[in-house]
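Here is a short report on one protein model. It starts with the whole chain and then turns to single residues.

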Amino acid sequence: MSDESALERAAARAVRAEALLDDELLNEAFDSLEKSYIAAWRDTTIDDAAGREKLFLAINIVGKVRDHLAGVVANGKLARAELKELAETAERRKRFGII
């Protein structure tokens with residue numbers, strides 16, 4: 001990722017994703033969904049394999065959404081580090097008259 005504007009976008013997305021992961025209401029919603037899906041999954045009858053499978057997928061989707069947001073945060077941290085490195089390199093070049 002060397003395009004500076006792409007790095008800035010990734011860093012901005014990371015800030016938004018981190019705010020979502022820290023949001024109490026969103027975490028409460030994720031936890032509530034996960035608990036209700038698990039309860040419904042446990043309450044399925046022995047012959048309702050399709051229902052169990054759908055609920056299993058729903059439970060996993062909640063985790064995948066959390067994982068996606070965490071990935072955006074991680075990518076943003078890498079982008080911020082790369083932006084910092086680019087700025088430091090530009091400063092060194094300027095200082096030594098390379099530019």
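## Overall dimensions

The radius of gyration is taken over C-alpha atoms, and the rule for a globule is 2.2 Å times the number of residues to the power 0.38. By that rule, a compact globule of 99 residues would come out near 13 Å, but this protein has 21 Å. Its C-alpha atoms fill a box of roughly 75 × 25 × 15 Å along the principal axes.

The model is predicted: local features need pLDDT of at least 70, side-chain atom pairs count only at pLDDT 80 or more, and totals for chains, interfaces and linings use all residues. Residues are numbered from 1 along each chain as its sequence is written, and side-chain values use heavy atoms, with hydrogens and water left out.

## Helices and contacts

The protein has three helices and zero strands. Helices (H or I, at least four residues) and strands (E, at least two) are DSSP runs, numbered from the N terminus. The order is α-α-α.

Contact means heavy atoms within 4.5 Å. Take the contacts with a separation of 6 or more: 65% of them join residues 24 or more positions apart.

## Surface and charge

Buried residues make up 19% of the 99. Buried means under 20% relative accessible area, exposed over 50%, and partly exposed in between (1.4 Å probe, protein chains only). The accessible surface comes to about 7,500 Å², and carbon and sulfur atoms hold 57% of it. These areas come from the Shrake-Rupley method with a 1.4 Å probe; for residues, only the protein chains shown count as cover.

There are 16 positive and 19 negative side chains, and the centres of the two sets lie 6 Å apart. Lys and Arg count as positive, Asp and Glu as negative; His and the chain ends are not counted. Each charge is placed at NZ of Lys, CZ of Arg, CG of Asp or CD of Glu.

## Thr44, in a loop

Thr44 sits in the loop between α2 (24-42) and α3 (49-95). It counts as buried because its relative accessibility is 18%. Its side chain reaches the backbone oxygen of Trp41 at 2.8 Å. Leaving aside neighbours within four places in sequence, Thr44 contacts Gly51, Arg52 and Leu55.

Arg13 lies in helix α1 (residues 4-22). At 45% relative accessibility, Arg13 is partly exposed. Beyond neighbours within four places in sequence, Arg13 contacts His68 and Val72. Arg13 and Asp47 are 34 residues apart in sequence and 44 Å apart in space, C-alpha to C-alpha.

Gly97 is in the segment after α3. Gly97 counts as exposed because its relative accessibility is 57%. Gly97 and Val65 are 32 residues apart in sequence, and their C-alpha atoms are 48 Å apart.

Methods: Polar contact = N/O pair within 3.5 Å; in protein donor to acceptor, adjacent residues only side chain to side chain.
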